[in-house]
Amino acid sequence: MNNNGLMNFIRNIVKYYLLSLRRWFDGYGVSSRKEFFFSLPGYAINLAVYLALNNARVHFIKQLPDTGSWTNRVVSATLFAIIFLLPFFPLYTLVLRRLKDGGKSWIWLYAIFIPNKGILEFIKIGIGVYLFY
């Protein structure tokens, strides 16, 4: 990839990452595959920055004198939780839009949490709830 192609690639990553952040509350719209796949590196960079900052925060907190003041630790942890969770919601809605474009329900987003044989247990539980309640 030449320099111009690399710059276009980086420009597309930034463009689609910011587009997904702007479309935070749009859970019913349409997202192209290009929008989805070009925004993923932006979220990966966001995660890498978060992990690096979190490591620095933990190192900084260990350096603080233990004076019984736990508020600086709580505030620090809260701020970093907000920094991590805020970009999570636009990614969540982006995945929901892509699932909807593929003709799938929102429940498929949670299928990743079902273990290997969990789908059979999920069906048995569903049948049991249907029969007994």
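**A walk through rings and charges**

Start by selecting Trp-24, Phe-25, Phe-88, Phe-89 and Tyr-92: together they form one aromatic cluster. Keep in mind as you click around that this is a predicted model.

Now look at the aromatic pairs, which number eight. For one of them, select Phe-9 and Phe-38, an edge-to-face pair with 5.7 Å from centre to centre and 65 degrees between the planes. Phe-9 sits in helix H1 (residues 3–22) and Phe-38 in helix H2 (residues 33–63), so this pair ties together parts that are 29 residues apart in sequence. Colour by accessibility here: Phe-9 is partly exposed at 35%, while Phe-38 is buried at 18%, because the cut-off for buried is under 20%.

Next stop, the charges. The whole structure has three salt bridges. Select Arg-23 and Glu-35, whose closest N and O atoms are 3.1 Å apart. Arg-23 is in the loop between H1 and H2, and Glu-35 is in helix H2, twelve residues away.

Arg-97 belongs to helix H4 (residues 88–101), 62 residues from Glu-35. How buried are these two? Arg-97 has a relative accessible area of 0%, and Glu-35 comes in at 3%.

Asp-101 is partly exposed at 30%, and Arg-98 is partly exposed at 23%. To finish, show Arg-23, Glu-35 and Arg-97 together: salt bridges with shared partners join them into one network.

Definitions and conventions
Residues numbered from 1 in each chain as written. Predicted model: local features only at pLDDT ≥ 70, side-chain atom pairs only at ≥ 80, totals over all residues. Heavy atoms only, no water. Phe/Tyr/Trp six-rings, centres within 6.5 Å; stacked < 30°, edge-to-face > 60°. Helix = DSSP H or I, 4+ residues; strand = E, 2+ residues; numbered from the N terminus. Buried < 20%, exposed > 50% of the residue type's maximum accessible area, 1.4 Å probe, protein only. Salt bridge = Lys/Arg side-chain N within 4 Å of Asp/Glu carboxyl O.
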